Amino acid sequence: MINAKTRLYGLIGKPVEHSLSPVIHNALFKRYNINAVYLAFDVDDLESAVKGVKALGISGLNVTMPYKEQILEFLDELSEEARAIGSVNTVVNREGKLIGYNTDGIGALKALKRFTEVEGKRVLLLGAGGAGKAIAYTLSRLARVVVLNRTERKAKELEKFGVKGEKLSKENLKRYLSWADIVINATSLGMNEDRSPIPKEFLRENLVVFDIVYSPLETNLLREAREVGCLTIDGLWMLIYQGAESFRLWTGVKPDVEFMRREALKGERRSI
């Protein structure tokens, strides 16, 4: 029952209408008997939106494209990870002080660990945007990581984490795929489109292929990887695990990820 004590949480980005986060978090609030609601906000003016969070006493946010990096200048504090990565996907309002966190890296790591060993493995990461940076930062502590990005400079910037950064070209893609144990697509290529960042002939059996895109659930990359005989991991697992960490930061509750995935899949079916 919504009343004057109901807390408000939300997602800000542009666009946000495709997001499953409202489905997941509202189901969690109901399951754990928390008097709160979660809404998605399509934002044009980020600074005004953040001021509104304080003015209205909104309890917390998730942040998605294109604002994960831009929002840093409008926050009061950053966690160690968010500061190092330079990207925020979760905001906690603590008595009017907005604190930024990044749960993308831990979300990706937990998704990977659910299906495969990560420590000591060779990881090829495609993309150096907000999510790519978070994943590179987190995995660099456990694995050997190479980052390929269309703008080489952005890939090179991540070398401060102890990874190797190079330009995303067909030659580098082919070379590092033959080296890698795990490949992660952290670009938006394949989101609601029948395209893949990796030619099918470059894939091989025994490769772990993880696509952080979750709409569609089986991207063109994952379908072709499955056909080749790769172990595939869909992006919904990352959404679930990073969302679980956001929920814990907001409420102190460690949620049931199996329940979260079931609710997300229901929401995905309803949106089709």
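User: Which element gives the largest share of the lining of the second largest pocket?

Analyst: The answer is α4, with three residues. Keep in mind that this is a predicted model. To read a lining, go from the elements to the single residues. Besides α4 (104–115), the helices α3 (80–85), α5 and α9 each supply at least two residues of this lining.

User: How many residues line the second largest pocket, and which lie nearest its centre?

Analyst: There are 14 lining residues, and E81, N102, T103, I106 and T138 are the ones nearest the centre. By class, six of the lining residues are nonpolar, five are polar and three are charged. The volume of the second largest pocket is about 240 Å³.

User: What does the domain assignment give for the protein chain?

Analyst: Two ranges have to be read for one of the domains. Domain 1 is 7–101 + 239–269, and domain 2 is 105–233. Between the C-alpha centres of domain 1 and domain 2 the distance is 25 Å. Their contact takes 21 residues from domain 1 and 17 residues from domain 2.

User: What is the volume of the largest pocket, and how many residues line it?

Analyst: The volume is about 1,100 Å³. The lining of the largest pocket has 43 residues, with M65, A186, T187, S188 and I212 nearest the centre. Its residues fall into 18 nonpolar, 18 polar and seven charged.

User: Which elements each supply at least two residues of the lining of the largest pocket?

Analyst: They are β3 (60–63), α5 (130–139) and α9 (235–251). The largest share is that of α9, which gives four residues. Apply the domain reading again: residues of domain 1 and of domain 2 are both found in the lining, so the largest pocket lies between them.

User: A cavity is a separate item to look up. How many cavities of 30 Å³ or more does a search of the whole structure find?

Analyst: The search finds one. The space in the largest cavity is about 30 Å³. Its lining is made of S21, I24, H25, L239, Q242, G243 and M260. Of the elements, α1 (21–31) and α9 each give at least two residues to that lining. By class, the lining of the largest cavity has three nonpolar, four polar and no charged residues.

User: How many bridges join strand β7 to strand β10?

Analyst: Four bridges join β7 (residues 122–126) and β10 (residues 182–185), and the two strands run parallel.

User: Last, the backbone. Is the peptide bond from K14 to P15 cis or trans?

Analyst: The angle to read is omega. The bond from K14 to P15 is cis, with omega near 0 degrees. P15 is found in the loop between β1 (7–13) and α1. The bond from M65 to P66 is also cis, and its omega is near 5 degrees. P66 sits in the loop between β3 and β4 (77–78).

User: Is phi of N33 positive or negative?

Analyst: It is positive, near 55 degrees, and N33 is a residue other than glycine. To place N33 in the chain, look in the loop between α1 and β2 (36–42).

Key:
Residues are numbered from 1 along each chain as its sequence is written. This is a predicted model: local features need pLDDT of at least 70, side-chain atom pairs count only at pLDDT 80 or more; totals for chains, interfaces and linings use all residues. Side-chain values use heavy atoms; hydrogens and water are left out. On a 1 Å grid over the protein atoms alone, a cavity is a set of points where a 1.4 Å probe fits but cannot get out, and a pocket is an open set with protein on both sides within 12 Å along at least five of seven lines; lining residues have an atom within 4 Å of a point. Grid points are joined across faces, edges and corners, and a volume is the space filled by probe spheres set on the points. Ala, Val, Leu, Ile, Met, Phe, Trp, Tyr, Cys and Pro count as nonpolar, Asp, Glu, Lys and Arg as charged, and the others, Gly among them, as polar. Domain bounds come from an automatic or database domain assignment. Two strands pair if DSSP finds at least two bridges between them. Contact means heavy atoms within 4.5 Å.
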